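Here are my notes on this one, as numbered points. Have the model open while you read.

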Amino acid sequence: MKKLIWLLLAFSVIVLVGCREAEPEPVGLRQIRLPMGYIADPQYAPFYVAAKKGYYAAEGLEIEFDYSFETDGIALVGANELPLAIVSGEQVIMARAQDLPVVYVMEWFQKYPIAVVSKAASGIARPQDLAGRNVGLPGFWGASYVGYVGLLTANGLTQDDVRANDIGFNQVESLLSDQSEAVVVYINNEPVQLAAQGEAINVIAVADYIDLVANGIITNEDTLANEPDLVQGFVRATLLGLSDTLADPEAAYQISKQYVEGLDDGRFDVLLASIELWRADTLGLTDAASWQQTQAVLLDMGFLDAPLPDLNAAFTNEFVSQPLPQ
Amino acid sequence: MRLLRSLPNWLTILISFLMLLAGWHLLVMIGEYPSFILPSPVNVAQQMAVVVADGRLLRHSLITISEIIPGLLIGFFVALPLGYLLAKSPLAERLISPYLIASQAIPIIAIAPLLTIWIASTYWSRVLVAALVVFFPVLINIIAGLRSVPPELYELMHALKATPGQIFRKLEFPAALPIILAGLKVGATLSVIGALVGEFVQPKSQGLGFLLVTARYQFKTDLVFVILLTLAAIALSLYGLVALVERRVLRWQT
């Protein structure tokens, strides 16, 4: 009987804790759920800085960071269930090909973050050196595959010229154990890990050979038509966060620690490597030519059956051309 | 209602399937859902025709089936002796059961990527994921089946001076078979999920799991539905196959 009473008490405590009132929303702020496409990470420092420094609040927004899959984010924005998300550029083209009315409004990564990495001793220093080599990819889909094909195409190679294998997200292990002669990676992640292990490596950055559209902010046509101020406010605040992060990465990293559970100083180099991909004369601006190139690569890969009827409708620079407040 | 009851089984199933399709089509029409949210049965049928014609569906299905069948068999044949041991030996049960039960709390999706590194064979790591998913429900049924043998029948076998081997062959196995086969039916459907989980998280750009990931990446929801229907068809076929075996093996019951 005693046991039963204790069990009931414990159960009641759990229920009461679970049912406690949710924290009240700050008065007047509109809560926005933002699909991020990846786990909490210092790579998202510009967004954390914008939140911490009150740039979003100044625009009347409170951002809830949602670390769900990229494809889910784009589908939710396409269905007008959410107004904004962070996604990769090639996903926007593929989504529009399936009638998802999404529009890219701010280019966050100015350089496509994919690279091919090899051991220095392998002699793979240029894209042409990949011919006949065994290259490991996370899979034959996703940004890594798009970047890899873009790199080959830009250098007159075809997929048949290279022996590509899918190795999952085990690129570091595969390279170090010589299962792959080169691996396709995110330039701001695995090369940093390999360098930390003292491995001498060659890095072939996709962005040095072809300009593909990388990660940025999307909205949908309905939000663009009916709530342009929401998009403008969000982009403006994010650009301020981005600008501050570029100016003071150390401070941005310290702020990131409040948003990334258990983050120690070990990933500061990842932020520094990421920053190099974000720099631009005009932050957030996207280039029409890069959209053409990205579409051409997708068509070449067979990921797109036909060119979009209006590729220019997939993106706009309307919200980044506004001067930032001083 | 009486008319429905009087119809042959296959016709009842066909009618229910057609009603499902009609309801689905109606839902899409009334809700005016775009294809990327909910494709109509017509969209799905058109996409099905495309992937059947270009051979993709068959190629990826065969790869998935080649992982399901060994996974199911390995899961079953490992569970069989272990189930016998646990059913017959209280000491073995005390020693092993806690670990077996605790292992069920581990999400397979968390260890599946590690299996690739440990085994170093993508194919066998996928098979192993399927086997792991199948193993536990089959094991539980084997134990339940062996324990369901009436004690009087044991007494009879002992009175007839039957050896342990004879007791197993003539009494325990036939008596437990209906429950074991029921477990195998559950395992057959679970093995499909197991193989798919393996394909989701492990590299090797082949199989219905890979096709599903690619379809999601390209926002081809109609293709996602084609794959889901194919997986359902595979699971139903396996279930039917075990049911057929069951009917033949347990003919003595009727």
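1. Start with how the two domains of chain A meet: 11 residues of domain 1 of chain A are in contact with 9 residues of domain 2 of chain A, contact being C-beta atoms, placed from the backbone, within 7 Å. On the domain 1 side, α12 (268-278) and α13 (288-301) of chain A each supply at least two residues, and α12(A) has the largest share with 5 residues. By class, that side has 5 nonpolar, 3 polar and 3 charged residues. (Nonpolar is Ala, Val, Leu, Ile, Met, Phe, Trp, Tyr, Cys and Pro; charged is Asp, Glu, Lys and Arg; the others, Gly among them, are polar.)

2. Before going on, the ground rules. This is a predicted model, where local features need pLDDT of at least 70 and side-chain atom pairs count only at pLDDT 80 or more, while totals for chains, interfaces and linings use all residues. Residues are numbered from 1 along each chain as its sequence is written, with chains lettered from A and ligands numbered from 1 in the order in which they are written.

3. As for where the domains lie, domain 1 of chain A covers 30-110 + 214-314 and domain 2 covers 114-208; the bounds come from an automatic or database domain assignment. Their centres, taken over C-alpha atoms, are 25 Å apart.

4. Chain A also has an open, antiparallel sheet of 3 strands in the order β3-β10-β4. (Helices are DSSP runs of H or I with at least four residues, strands runs of E with at least two, numbered from the N terminus; strands pair if DSSP finds at least two bridges between them.) β3 (85-87) and β4 (102-107) of chain A are at the edges with a single partner strand each, so one side of each has no neighbour in the sheet. β3(A) pairs with β10(A) (residues 216-220) over 3 bridges, and A:Ile86 has A:Ile217 as its bridge partner.

5. Two helices go with that sheet. α4 of chain A (residues 70-78) lies across β3, β4 and β10 of chain A at about 130° to β3(A). α5 of chain A (residues 89-97) touches these strands too, making about 165° with β4(A). (Axes are lines fitted to C-alpha atoms, for helices over the stretch in contact; angles run from 0 to 180 degrees between N-to-C directions.)

6. Over to the chain pair: 18 residues of chain B are in contact with 19 residues of chain A. On the chain B side, α10(B) gives the most, with 4 residues.
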